[in-house]
Amino acid sequence: MKRRILDFLAVIKLKGGETRGPILCFVGPPGTGKTSLGQSIGRALGRKFIRMSLGGVRDEAEIRGHRRTYVGAMPGRIIQEMKRGGSNNPLIMLDEVDKLGTDYRGDPASALLEVLDPAQNFSFTDHYLDVAFDLSRVFFIATANVQDTIPGPLRDRMEIIELPGYTEHEKLEIARRYLLARQKQENGIPEDSLRLSDGGIREIIRSYTREAGVRNLERELGSVCRGIARKIARGETETTVVGEENIADFLGPIRFRWELASEEDEVGVATGLAATAVGGDVLFVEAATVPGKGRLILTGKLGDVMQESAQAALTYARSRALTLDIAPAFFDKNDLHVHVPAGAIPKDGPSAGVTMATALVSAMTRRRVRKDVAMTGEITLRGKVLPVGAIRDKVLAAHRAGSRSVIIPRDNENDLIDVPEEVRRDLSVLLVEHVDEVLKAALHSEKTAEAPRLEPATSAN
Ligand SMILES: Nc1ncnc2c1ncn2[C@@H]1O[C@H](COP(=O)(O)OP(=O)(O)OP(=O)(O)O)[C@@H](O)[C@H]1O
Ligand SMILES: [Mg+2]
């Protein structure tokens, strides 16, 4: 990633500051350094840095200006910012291109396209100024959290560079080298008043934050520093050593439980992995049997694709009832209820297929699911496991949550290259082609002794 950016900058320097060619677009979860990287590039090129947020911009006129006949007319944001910056070759960062809106007032994406197009932007016309303005010396960099909501034509014009989430190890390094020093400085803490051990930093990462980037980590480091500042204000001048044992004195009770694996294995709850705008996250799929007629009940505001995926999971489970030791009459007496609890997880996409199948089979067979096994994969009606996206983010999320093993589709094997070595070392990765392999790895083989809460059909014939 760094290489590509450096190559890019080298080319720009060679061409004497001319920036024809693709526009860079940094894509990654919040707090992974997109904006700061843009600032550094601006510094390296000796250009003025201007940040323009496009989140929620719906109106073409915001980019291109209003015609003067319009009451309250104004020039567009690009020209305003250029004027304010007082430079004709700044670096303009177009933040959040993935959150650009459209409505009846025109399409801001197409105005932006004109801004970015080297064949047109030497004579960009702002409707308000109504004279051509040369934007060809401006260096544009865009940022986005996710790729797929960037308007297509815009995306085609840009060179996408992914800044994926950090591993625990990378976060520790970043905290040690930059964040702690910065927070000490901002809070006026003399260098030797605070010693924060690696164990302490790791505890903050694990128990006080759950994020792909480092923004909350930096905030928590700030809180520790303010705690130290208060001590200094009280006249306590000796060095404070902070480690995992006393971090709670500064940050309060832990906020996230690290050891997912220490939770009890249960019937009907499977650990899945989802791609989210903030990186990746674990999600739990719950399934239960209730008296009924073999219907599938879905709750948790699931999107269409996820509903179909649940249906496929159920159909598969039914087709394998015999092998799985589920009495055929089971489906005449029971409905299956699948629930995906609320949370910041987008509830759509097919990648929870294997997780739903596991939760369902667990509920039907009363076999407990191993909590420390996290999984992702789409399934077909016949139980084949198909590849899914965002493997790196998902594996990192599993690692963050303390999973011991991760099940991913065999066809995603190549994506493991992107998973850092130190994460691979902590996790066992199981590549699967079929849901049967998932069930074998994730479910305990014995049925729970506890009688099913609801009468299964077996006793009823
Ligand atoms: N690799 C890194 N080294 C040092 N500091 C970093 C690194 N990555 C992120 N940071 C710090 O984390 C904070 C958040 O970074 P930044 O604002 O650049 O994130 P972002 O990717 O633009 O996030 P968003 O998508 O929310 O806009 C900044 O204070 C930045 O200095
Ligand atoms: Mg940013």
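Tutor: A residue is buried if 20 or more other C-beta atoms lie within 10 Å of its own. This is a predicted model, and 41% of the 461 residues of its protein chain count as buried.

Student: What does the secondary structure of the protein chain come to?

Tutor: The chain has 16 helices and 21 strands. Take contacts between residues at least 6 apart in sequence: 80% of them join residues at least 24 apart.

Student: Where is Ala 390, and what is its phi?

Tutor: Ala 390 sits in the loop between β18 (385-386) and α14 (391-400). Its phi is near 55°, a positive value in a residue other than glycine.

Student: How are two packed helices described?

Tutor: By the angle between their axes and the distance between the axes.

Student: At what angle do the axes of α11 and α13 cross?

Tutor: The axes of α11 (residues 304-319) and α13 (residues 353-365) cross at roughly 45° and come within 8 Å.

Student: What makes α11 parallel, perpendicular or oblique to α13?

Tutor: Roughly parallel needs an angle under 35 degrees, and roughly perpendicular needs 65 to 115. The crossing is at roughly 45°. That makes α11 oblique to α13. The crossing is right-handed.

Student: Which residues make the contact?

Tutor: From α11, they include Ser 309, Ala 313 and Tyr 316. From α13, they include Gly 353, Met 356 and Leu 360. By kind, the contact of α11 with α13 has 11 nonpolar residues, 2 polar and no charged.

Student: How many residues surround ligand 1, and which are the closest?

Tutor: There are 16, and the closest are Pro 30, Gly 33, Lys 34, Thr 35 and Ser 36. Elements giving two or more residues to this shell are α2 (34-44), α7 (168-186) and α9 (215-233). The largest share, 3 residues, comes from α2.

Student: How do the residues of the shell around ligand 1 divide?

Tutor: Into 4 nonpolar, 9 polar and 3 charged.

Terms used. Residues numbered from 1 in each chain as written. Chains lettered and ligands numbered in written order. Predicted model: local features only at pLDDT ≥ 70, side-chain atom pairs only at ≥ 80, totals over all residues. Axes fitted to C-alpha atoms, helices over the stretch in contact; angles between N-to-C directions. Helix = DSSP H or I, 4+ residues; strand = E, 2+ residues; numbered from the N terminus. Parallel < 35°, antiparallel > 145°, perpendicular 65-115°, else oblique. Left-handed = near helix turned anticlockwise from the far one by under 90°. Contact = placed C-beta atoms within 7 Å. Nonpolar A, V, L, I, M, F, W, Y, C, P; charged D, E, K, R; others polar. Near = placed C-beta within 6 Å. Buried ≥ 20, exposed ≤ 12 C-beta atoms within 10 Å, placed from the backbone.
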